[in-house]
Amino acid sequence: MQDKRKIKEIYNCISISSNEELYPLQKWYNQLIEKTIAEITVEDVLRMIRQKEFTNLAVSKAINFLKEDVFVGELYEGELLEKVSEMDSSFLISYADDLKNIIKNALVKSETCDWIYAGEEEEFKDMIDTLSKKIM
């Protein structure tokens, strides 16, 4: 059964308020904490990773998205996997089993992918290699 609570209720956080207009990141944060875990999007996860907000939740959701599609991203294919591979290895190690399965799937999918430009497959495999080294 899915948790129906909003992020602000789970993590006991409050909305950012100001007499001035909020910055885009502040607006995003306020919108994010009003969502349930099920409502979090790939775009949210990417921003959570970049902003280092709710990182355990971000990686958990990233793993779910990557299990469905290893090439998922907001701006380009493979963006989510790339952002996860850039995270600190000491943090990622607790997700090693799931990430190993995602890596295996990614390598299989990369063999049948229609790469857009020369070198794209190599870049993807380098990213996979980086992630593999971090969780070993």
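Reader: How are α3 and α4 oriented to each other, and why?

Author: Two packed helices are described by the angle between their axes and the distance between the axes. In this predicted model, the axes of helix α3 (residues 42–51) and helix α4 (residues 55–68) come within 9 Å and cross at roughly 140 degrees. Angles over 145 degrees count as roughly antiparallel, so α3 and α4 are oblique to each other.

Reader: In which hand does α3 pass α4?

Author: The crossing of α3 with α4 is left-handed.

Reader: Which residues make the contact?

Author: On the α3 side they are V42, V45, M48 and I49. On the α4 side they are T55, L57, A58, K61, A62 and F65. By class, the contact of α3 with α4 has eight nonpolar residues, one polar and one charged.

Reader: How do α4 and α7 pack?

Author: The axes of α4 and α7 are 10 Å apart, and the packing angle is about 25 degrees. An angle under 35 degrees counts as roughly parallel, which makes α4 roughly parallel to α7. α4 passes α7 in a left-handed crossing.

Reader: Which residues of α4 meet which residues of α7?

Author: I63, L66 and K67 belong to α4, and they meet D98, L99, I102 and N105 of α7. The contact of α4 with α7 divides into four nonpolar residues, one polar and two charged.

Reader: What about α7 and α8: at what angle do their axes cross, and within what distance do they come?

Author: Helix α7 (residues 96–112) and α8 cross at roughly 160 degrees, and their axes come within 10 Å. The cut-off here is 145 degrees, and angles over it count as roughly antiparallel. α7 and α8 are therefore roughly antiparallel to each other. The crossing in which α7 passes α8 is left-handed.

Reader: Which residues form that contact?

Author: α7 supplies A96, L99, K100, I103, A106, L107, S110 and E111. α8 supplies E121, F124, K125, I128, L131, S132 and I135. Nine residues of the contact of α7 with α8 are nonpolar, two are polar and four are charged.

Reader: How many helices and strands does the protein chain have?

Author: The protein chain has eight helices and zero strands. Along the sequence, the pattern reads α-α-α-α-α-α-α-α. The C-alpha atoms fill a box of roughly 50 × 30 × 25 Å along the principal axes.

Reader: Now the pockets. How much space lies in the largest pocket, and which residues line the pocket?

Author: Rolling a probe the size of a water molecule over the atoms shows where empty space is left. In this model, the largest pocket holds about 190 Å³ of space. Its lining consists of F71, Y76, E77, G78, E82, W115, I116, Y117, E120, E123, F124 and M127. Seven of these lining residues are nonpolar, one is polar and four are charged.

Reader: Which helix gives the most to that lining?

Author: Helix α8 (residues 120–135) does, with four residues.

Reader: How much space lies in the second largest pocket?

Author: The space in the second largest pocket is about 160 Å³. Its lining is made by I49, R50, K52, T55, K83, E86, M87, D88 and F91. By class, that lining has three nonpolar residues, one polar and five charged. I49 and T55 line this pocket, and both also take part in the contact of α3 with α4.

Conventions
Residues numbered from 1 in each chain as written. Predicted model: local features only at pLDDT ≥ 70, side-chain atom pairs only at ≥ 80, totals over all residues. Heavy atoms only, no water. Axes fitted to C-alpha atoms, helices over the stretch in contact; angles between N-to-C directions. Helix = DSSP H or I, 4+ residues; strand = E, 2+ residues; numbered from the N terminus. Parallel < 35°, antiparallel > 145°, perpendicular 65-115°, else oblique. Left-handed = near helix turned anticlockwise from the far one by under 90°. Contact = heavy atoms within 4.5 Å. Nonpolar A, V, L, I, M, F, W, Y, C, P; charged D, E, K, R; others polar. 1 Å grid on protein atoms, 1.4 Å probe; cavity = no way out; pocket = protein on both sides within 12 Å on 5 of 7 lines; lining within 4 Å. Points joined across faces, edges and corners; volume = space filled by probe spheres on them.
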